[in-house]
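Please look at the sequence and the model below. The points that follow are short notes on a few local features.

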Amino acid sequence: MDSLKVGKVIFSLLNGNSDLTALVDNKIYPIIVENGTTYPYIIYKRSNIIPDYTKDFHFKDNVIIDIICVSDDYSGSIDIASIVRNTLEDKRIGDIQSIKLESADEDFIDNAYVQTLSFNLTINK
């Protein structure tokens with residue numbers, strides 16, 4: 001798998017979870033949200049690719065994906081983040097050998113509660 005395309009897989013996994021889409025009304029966006037989008041919603045973005053090489057070839061990538069869960073109430077943001085974690089963590093799909101939660105952060109920005117989950121995906125080449 002081309003590690004640059006991992007966002008498509010992440011979208012498919014998140015959008016395929018009916019509990020999650022029931023909470024966010026299918027508002028799952030890459031990188032930014034559309035103008036006028038109402039809460040709650042999810043943004044996903046690739047924040048880093050760390051290639052792993054041996055002496056002779058490139059054999060895997062570690063890709064960091066940030067999933068940003070935004071809601072106008074704290075409890076809702078936690079519920080969304082929890083479902084995201086359960087949807088992604090420890091999954092193996094195709095060339096994705098593992099998905100591990102690296103960190104979780106929360107904030108209050110522009111009158112919204114923001115939960116940011118960072119996942120490390122190991123992708124075999």
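1. Asp90 sits in the loop between α3 (74-88) and β4 (96-109); helices (H or I, at least four residues) and strands (E, at least two) are DSSP runs, numbered from the N terminus. Its phi is near 70°, a positive value in a residue other than glycine.

2. The model is predicted: local features need pLDDT of at least 70, side-chain atom pairs count only at pLDDT 80 or more, and totals for chains, interfaces and linings use all residues. Residues are numbered from 1 along each chain as its sequence is written, and side-chain values use heavy atoms, with hydrogens and water left out.

3. Asp25 lies in the loop between α2 (18-24) and β1. Its phi, near 55°, is positive in a residue other than glycine. With 53% relative accessibility, Asp25 counts as exposed (buried is under 20% relative accessible area, exposed over 50%, partly exposed in between; 1.4 Å probe, protein chains only).

4. Tyr39 and Pro40 are joined by a cis peptide bond, with omega about -5°. Pro40 is in the loop between β1 (28-30) and β2 (41-53).

5. Helix α1 (residues 6-15) packs with α3 at an angle of about 115°, and the axes are 10 Å apart. Axes are lines fitted to C-alpha atoms, for helices over the stretch in contact, and angles run from 0 to 180 degrees between N-to-C directions. Ile10, Leu13 and Leu14 of α1 meet Val84, Thr87 and Leu88 of α3, where contact means heavy atoms within 4.5 Å.
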